[in-house]
Amino acid sequence: SFTEQVDTNIITLTRFLTEEQVKHKEATGDFTLLCHALQFAFKSIAYYIRRATLVNLTGLAGSANTTGDEQKKLDVISNELFIEAMRSSGRVALLVSEEEENVIFFKQGPHARYAVACDPIDGSSNLDAGVSVGTIFGIHKLAEGSRGVKEDILKPGTELVAAGFTMYGASAQLVITMKGGSVNGFTLDNGLGEFILTHPNMRIPRKRAIYSVNEGNSLYWEDHVKAYFESLKQAQPDNGKPYSARYIGSMVADAYRTLLYGGIFAYPADKKSPKGKLRILYECAPMAMVFENAGGQAVDSNMRRMLEVVPQDIHDKSGIFLGSYDEVEKVKEFYKKKD
Ligand code: AHG
Ligand code: MN
Ligand code: MN
Ligand code: MN
């Protein structure tokens with residue numbers, strides 16, 4: 001009958017969050033409200049990205065950020081949209097953003113018990129070509145009795161209460177995970193203006209012959225890193241075929257594909273960037289939490305568990321390898337043979 005053609009029992013992100021809150025008896029609703037603000041930030045960033053070419057929002061802003069990147073106009077606008085969403089939620093005490101040199105401390109309210117780290121636009125070099133970009137976020141809770149200090153965010157990823165990202169691709173895809181929980185994926189329905197649960201309990205395939213790395217940097221790689229990637233280009237024992245290479249150049253998009261299809265994504269530390277390129281608080285740690293909770297792994301260039309890395313500074317960087325469980329195991333074997 002016609003009633004079967006329409007799904008009337010849709011799980012929106014709002015409904016999902018409400019149901020999660022009910023499961024946690026101690027929950028105050030503050031985290032839920034913070035997530036509502038987050039989803040508005042994602043919707044508005046998605047909206048401006050889609051209109052950028054029409055309203056002269058392509059190109060450079062004419063400034064650079066602390067980590068040395070030239071800022072695009074959309075880096076600046078998305079940063080401001082994100083900051084205002086967090087500020088107005090009244091649930092966030094402090095915010096770290098790729099585009100802000102210092103920690104932003106919001107005016108204190110009684111409910112501001114969270115510290116948020118964000119990469120407002122990840123992959124901004126891809127913006128003007130209309131290639132997928134994203135927003136990455138990590139959420140920490142303030143220490144007991146704290147009113148919000150830098151130390152509340154200079155914490156290892158193991159302490160994240162939630163993390164995830166939204167990819168602005170053919171559709172906007174939001175992936176979120178909470179401490180000790182599963183990974184859930186939502187698709188923005190532009191007509192409804194709602195994120196709909198389309199990928200419940202995401203699990204990364206155990207292995208897959210796809211690697212994702214900027215091979216143009218191989219001149220600077222250490223020998224064991226070169227040897228590892230070289231090995232992937234040889235006939236593999238199981239099927240006699242080499243791996244496929246896929247590199248978009250937006251971590252969010254490369255990671256999202258890796259999460260769905262399996263494989264490995266890497267941005268190793270190298271002789272040019274001994275500390276790596278990607279930043280711990282708002283790129284490496286949130287992604288590592290998503291991958292671990294989906295059954296994968298994430299390690300730094302010394303094969304340390306990424307989630308245990310403690311940043312000294314808010315913009316500290318790290319090398320990273322993340323992906324399918326078995327693919328990360330292979331990287332570790334090559335590291336063991338090093339020296
Ligand atoms: P951002 O656009 O937030 O500065 O991040 C860029 C990052 C990440 O998205 C991507 O994986 C990587 O830089 C690409 O770097 P290369 O261009 O050096 O490959
Ligand atoms: Mn940047
Ligand atoms: Mn980034
Ligand atoms: Mn960015």
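**View 1. Helix H1 on the sheet.** In this predicted model, helix H1 (residues 13–23) lies across E8, E9 and E10. H1 runs at about 70° to E10. Helix H3 (residues 73–89) also packs on the sheet. H3 touches strand E3 (92–97), E4, E5 and strand E6 (133–141). The direction of H3 makes about 160° with that of E5.

**View 2. The open sheet of 8 strands.** The strand order is E4-E3-E5-E6-E7-E8-E9-E10. The pairing is mixed. E4 and strand E10 (194–199) are the edge strands, and each pairs on one side only. Inside the sheet, look at strand E8 (residues 172–178) and strand E9 (residues 183–189): 5 bridges join them. E8 and E9 run antiparallel. Leu 174 has Phe 186 in E9 as its bridge partner.

**View 3. Strand E17 and its two partners.** Strand E17 covers residues 320–323. Ile 320 and Leu 322 point one way, while Phe 321 and Gly 323 point the other way. All of these residues are buried. Strand E13 (residues 264–267) is joined to E17 by 4 bridges, and the two run antiparallel. Strand E15 (residues 297–299) is joined to E17 by 3 bridges, again antiparallel.

**View 4. The largest nonpolar core.** This core holds 91 residues. Which residues touch the most other members? They are Val 116, Met 287 and Ala 288. Helix H6 (residues 280–293) gives the most to the core, with 10 residues. Nonpolar side chains tend to be buried together in soluble globular proteins. Now zoom in on Met 287. Leaving aside residues up to four places away in sequence, Met 287 touches Ile 136, Met 251, Ala 255, Ala 298 and Leu 322.

**View 5. Gln 108 in its loop.** Gln 108 is found between strand E4 (104–105) and strand E5 (114–122). Is Gln 108 buried or exposed? Gln 108 counts as exposed because 11 other C-beta atoms lie within 10 Å, and the cut-off is 12 or fewer. Gln 108 touches Ala 93 and Arg 147, not counting residues up to four places away in sequence. Glu 4 is 104 residues from Gln 108 along the chain, and their C-alpha atoms are separated by 50 Å.

Methods: Residues are numbered from 1 along each chain as its sequence is written. Chains are lettered from A and ligands numbered from 1 in the order in which they are written. This is a predicted model: local features need pLDDT of at least 70, side-chain atom pairs count only at pLDDT 80 or more; totals for chains, interfaces and linings use all residues. A residue is buried if 20 or more other C-beta atoms lie within 10 Å of its own, exposed if 12 or fewer, and partly exposed in between; C-beta atoms are placed from the backbone. Two residues are in contact if their C-beta atoms, placed from the backbone, lie within 7 Å. A nonpolar core is a set of buried Ala, Val, Leu, Ile, Met, Phe, Trp, Tyr and Cys residues joined through C-beta atoms within 7 Å. Two strands pair if DSSP finds at least two bridges between them. Axes are lines fitted to C-alpha atoms, for helices over the stretch in contact, and angles run from 0 to 180 degrees between N-to-C directions.
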